[in-house]
Amino acid sequence: MKQTLKATGLLSAAIFTLTLSACEPGDPPSAPEPSAQDVYFERLSILCGKAYPGQLVSDQEADAEMMGQPMIMHVATCDQKQIQIPFHIGNADGSWNRSRTWIITRTEDGLRLKHRHRHEDGSLDTVSNYGGDTAAPGTAERQEFPVDDESIALFKTADLDQSVTNTWAVEITPPGQQDARFAYELRRPETSGGRFFRVEFDLSKPVEAPPPPWGDES
């Protein structure tokens with residue numbers, strides 16, 4: 001009888017222990033995997049404060065003045081929501097065009113690319129702040145930005161109807177690799193003139209940061 005009571009007690013204790021174990025909270029849920037756009041934005045952030053040399057790699061006649069000219073992209077300012085990248089283009093006379101800045105911003109639905117254009121006196125160009133939002137997840141290396149409604153209206157007002165079908169793309173391969181590259185691209189379908197513009201920058205060869213873009217004294 002005593003052995004039966006002892007066995008019953010041991011069994012009860014074991015069940016109680018198992019019950020407590022089942023009631024204990026499990027391991028905290030693992031963090032979600034970063035999206036392709038998260039990785040992409042992080043890669044850009046790694047470059048913050050650095051500048052890199054580049055060149056035109058497309059060959060359309062519309063860009064003849066840029067062919068062979070030096071170019072620099074400078075990841076000038078960054079925070080958790082926005083990265084600003086001035087784009088400097090050398091002129092044949094040795095001066096520099098510092099009118100352009102690419103602005104990539106996180107939104108609730110993805111990423112946004114905008115273009116800021118200024119004149120040498122710092123004033124905004126009449127065609128500025130155009131661009132678009134991502135319409136697909138893209139990849140950690142390439143994000144595409146179809147033209148948005150605001151930009152279509154701006155282009156029409158400026159008699160740039162051919163630009164209402166623009167799609168821009170920005171690419172970045174993993175920084176730190178020997179062949180790491182940043183690229184900016186504009187495409188337009190054949191029905192709108194077949195535009196193609198592409199510049200590439202070598203991320204393995206940082207250069208001295210250039211002066212700020214026109215109108216930015218920071």
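1. Arg118 first. Leaving out residues up to four places away in sequence, Arg118 touches Ser99, Ser123, Leu124, Asp125, Trp214 and Gly215 (contact means heavy atoms within 4.5 Å). Arg118 sits in the loop between β6 and β7 and is partly exposed, with a relative accessible area of 22% (buried is under 20% relative accessible area, exposed over 50%, partly exposed in between, with a 1.4 Å probe and protein chains only). Arg118 and Pro213 are 95 residues apart in sequence, yet 8.3 Å apart in space, C-alpha to C-alpha.

2. A word on what these values rest on. This is a predicted model, where local features need pLDDT of at least 70 and side-chain atom pairs count only at pLDDT 80 or more, while totals for chains, interfaces and linings use all residues. Residues are numbered from 1 along each chain as its sequence is written, and side-chain values use heavy atoms, with hydrogens and water left out.

3. Overall layout. The chain has three helices and eleven strands, running α-α-β-β-β-β-β-β-β-β-α-β-β-β from the N terminus (helices are DSSP runs of H or I with at least four residues, strands are E runs of at least two, numbered from the N terminus). Of the 218 residues in the chain, 37% are buried. Among contacts in the chain with a separation of 6 or more, 48% are between residues 24 or more positions apart. The chain exposes about 12,900 Å², and carbon and sulfur atoms supply 53% of that (areas come from the Shrake-Rupley method with a 1.4 Å probe; for residues, only the protein chains shown count as cover).

4. The core. In soluble globular proteins, nonpolar side chains tend to be buried together. Here the largest nonpolar core has 34 residues, and Trp102, Phe182, Val199 and Phe201 have the most contacts inside it (a nonpolar core is a set of buried Ala, Val, Leu, Ile, Met, Phe, Trp, Tyr and Cys residues joined through side-chain atoms within 4.5 Å). Strand β4 (residues 82-90) gives the largest share of this core, four residues.

5. Aromatics. A search of the whole structure turns up nine aromatic pairs (ring centres of Phe, Tyr and Trp, the last by its six-membered ring, lie within 6.5 Å; planes under 30 degrees apart are stacked, over 60 edge-to-face, the rest tilted). Tyr130 and Phe155 make a tilted pair, at 5.4 Å centre to centre with 55 degrees between the planes. Tyr130 lies in strand β7 (residues 130-133) and Phe155 in helix α3 (residues 149-157), so this pair ties together parts that are 25 residues apart in sequence. Tyr130 is buried at a relative accessible area of 11%, and Phe155 is buried at 3%. Elsewhere, Phe87, Trp102, Phe182, Tyr184, Phe197 and Phe201 form one aromatic cluster.

6. Helix α2. The buried residues of α2 (residues 36-46) are Gln37, Tyr40, Phe41, Arg43 and Leu44. Looking down the axis of α2, these fall within an arc of 155 degrees, so they line one face of the helix (the arc is that of the directions from the helix axis to the C-beta atoms). Their cover includes β4, β5 (96-106), β6 (111-117), β8 (142-146), β9 (167-172) and β10 (181-187). Also worth a look: Arg106 lies over the face of Phe41, 4.2 Å from the ring centre (the criterion is NZ of Lys or CZ of Arg within 6 Å of the ring centre and within 35 degrees of the ring normal).

7. Ser151 is in helix α3 and is buried at 0% relative accessibility. Not counting residues up to four places away in sequence, Ser151 touches Lys114, Asn129, Tyr130 and Gly131. Asn166, in the loop between α3 and β9, is buried too, with a relative accessible area of 3%. Ser151 and Asn166 are 15 residues apart in sequence and 9.6 Å apart in space, C-alpha to C-alpha.

8. Gln178, to finish. Gln178 is in the loop between β9 and β10 and counts as exposed, at 75% relative accessibility. Gln178 and Ser204 are 26 residues apart in sequence but 5.8 Å apart in space, C-alpha to C-alpha.
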